[in-house]
Amino acid sequence: MPRRPRRPRRMAALAVAGALGLSLAACTATVREGPRPNKPTAVATRPAYRATDPAKLTIAPETLPGFRPPTVQGPGSYSKMLTGPMGNMSWLEYHGGDINWQIYDQNNKPLPNYSPTEKTAFGPGQDYTNVQGVLTFRGNNERNAPAFGTAEVKEKKLEMVWSHDDGISHSYGSVFPGTGWTGQPLLVHWPDATRRAMDFAPEFANDPNFVEVIQPAFDGKVYRLDLATGRPTKPPIDATYGFKGTGSIDPRGYPLLYAGQGLNDQNGVLGPWGYKMFDLIQNKMVHALNGTDPVSHRPFWGAWDSSALVNAASDTLIEPGENGVIYKVKLNSHFDAAAKRITIDPQVTKMVYQSPASTQYGIESSAAAYRNLMYASDNDGHIICWDANTLQVVWAQTQGDNDDSTITIDETPEGVYLYNANSVGWRGGKRHDLVSNIRKIDALSGQVLWQHDVPAYYNDAVKGGVESTPLNGQGEIADLVIFTVAKTTSPAEGDMIALDKKTGKVVWDRHLDRYSWSSPVQITGTDGKAYGVFGDSGGTFHLFDPNTGRDLDTVHLGGNVEASAAVYGNMIVIGSYGQKIFGIKIS
């Protein structure tokens, strides 16, 4: 008998936020500080190489430390031993066994010996795109750049500049208002040729400083706004069914939006699941991947919360689904700016996997990439590293619980590292010593280098623990990784924790009167000073000092701020359950 779809978690968050009292002002934060032995004395430099050729960037998996070749199980079918984290309960105590995966073509036929001649690999995060802005969740393939440029900060204040209404979706017997998790807006300063091709009104078309905000929302619409004023730049695209995650703009500056449908019920009317691709010249959908995929181990649930990565050099999109399928899409795109025409002809390859730990299936985090090595965490607590070229699993481990937090990558002279944490999810009915496990992992081998545990409460609909993506510190806070942890001291409260990247020890720990699923964002001042922003479930948006955790200023946004912010210069854009998208200036 097939399992019933898991209730969408976000529907319960509105009731929780309402119970907390959305008009409450932020309280003074309680911060405990510890030693900070590795504080930078100079601004760290980014990786020296600036390659974009996938063939030169590709790493042969068999050269990685501890690599084990897979066992061939059949045509297009493979297996490999599953590993586990250190500490807590070992993977052997949980499950043991192998991870198995299969590779299919777009006609759902197994692909034996899949090894395409064209390579897919990403360069350093700063080379993900040459377009100015924040074009995917957390800005790039390393998921560590949700802010573009620098901000001139003197007063350390937040000023509400504009707001724009969005709507509400009545779905699954509940309501989804405004924007939710992860819900990050996209901010794009279009190349001149692209801007001209889209036939904007003269006030935007003739403005060389024009930056567009693109925000898919719960109500099934994609809003297009002017960053400076909040005025509509185009009519909203009506995609009918709601979006929960974050979209992606093509990093080549092509007028293409990729956005996954998170709901398939609009006012009681059910529709098909789809990962949708939009032509922003015509302002309409031109292609969709089917979420109810026959190769899926979870074919009855086809939502998409992940934000795609597009490898510009190979014209390839990578997108994991909540159906547990990892999609590799050769876009076959062509943009003729003079003719004002963009075309795509997607060709799809799929990988699906399972292990003895698999019961829920589905990936809600967004994939991160170091060269051709891709990383994602899933509902069953796996972290999967796979080769973007062959779709073979390089290594996989089980983290012990639901893991929706997007991995962020730190590429340093000492090595390449992943930062990730799980929530308190399906362990809730089995164990009482519930903790959220925060980990630093060697990206090449999968070895866990340190682990920090934070007690958290279990709630099936609104998870405790870590649901946000960490702030991977840069510049003057390059020694810190900062996490928001939900439902720590009570089901309503939370913590924000800054850990030393080298040791995993607490540098500061801030108590939150209202928990947060919103991912903290670093803003860098023109003087090099670091600032941070995040939202909480009580509706407060915080400007804080990431060196200490203490608030500098707050504004109230009328509802649970579950979404993550994006920043362009001095302008911050964020949505809330208050059915508004906000433009906020840091001054």
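I started at β10, which pairs with strand β11 (residues 212–216) in the antiparallel sense over 3 bridges. For my own record, helices (H or I, at least four residues) and strands (E, at least two) are DSSP runs, numbered from the N terminus, and two strands pair if DSSP finds at least two bridges between them. Before going on I noted that this is a predicted model, where local features need pLDDT of at least 70, side-chain atom pairs count only at pLDDT 80 or more, and totals for chains, interfaces and linings use all residues. Residues are numbered from 1 along each chain as its sequence is written, and side-chain values use heavy atoms, with hydrogens and water left out.

What stands opposite Leu187 in β11? I found Val213 there. I also looked at the pairing of β10 with β5, which is antiparallel over 3 bridges, and there Val134 stands opposite Leu187.

Then I took in the whole sheet: it is open, has 5 strands in the order β5-β10-β11-β12-β13, and pairs in the antiparallel sense. Its edge strands, each pairing on one side only, are β5 (132–134) and β13 (237–238). At the β13 end, strand β12 (residues 221–226) pairs with β13 over 2 bridges, antiparallel, and Lys221 has Asp238 as its bridge partner in β13.

I checked the side chains of β10 too. Leu186 and Val188 point one way, Leu187 and His189 point the other way, and all are buried (buried is under 20% relative accessible area, exposed over 50%, partly exposed in between; 1.4 Å probe, protein chains only).

**Cores and Gln102**

Next I looked up the nonpolar cores, meaning sets of buried Ala, Val, Leu, Ile, Met, Phe, Trp, Tyr and Cys residues joined through side-chain atoms within 4.5 Å. The largest has 66 residues, and those with the most contacts inside it are Trp190, Ile214, Leu257, Met351, Met374 and Trp386. A second, separate core has 20 residues, including Val533, Val555, Ile572 and Ile586.

Not counting residues up to four places away in sequence, Met351 touches (contact means heavy atoms within 4.5 Å) a set of residues, among them Trp101, Gln102, Ile103 and Trp386.

Gln102 lies in strand β4 (residues 98–105). Is Gln102 buried or exposed? I put Gln102 down as buried because its relative accessibility is 13%. Leaving aside neighbours within four places in sequence, its contacts include Gly76, His297 and Lys350.

Most residues other than glycine have a negative phi, and most peptide bonds are trans. I went looking for exceptions.

- Trp181 and Thr182 are joined by a cis peptide bond, with omega about -5°; Thr182 is in the loop between β9 (174–177) and β10 (186–189).
- Asn108, not a glycine, has a positive phi near 70°. Asn108 sits in the loop between β4 and β5 and counts as partly exposed because its relative accessibility is 27%.
- Lys487 also has a positive phi, about 60°, without being a glycine. Its place is the loop between β37 (480–486) and β38 (494–500), and with a relative accessible area of 3% Lys487 is buried.

**Four-strand sheet**

Last, I looked at an open sheet of 4 strands, antiparallel, in the order β30-β31-β33-β34. β30 (408–412) and β34 (448–455) are its edge strands. β30 pairs with strand β31 (residues 415–421) over 5 bridges, and I noted Tyr417 in β31 as the bridge partner of Asp410.
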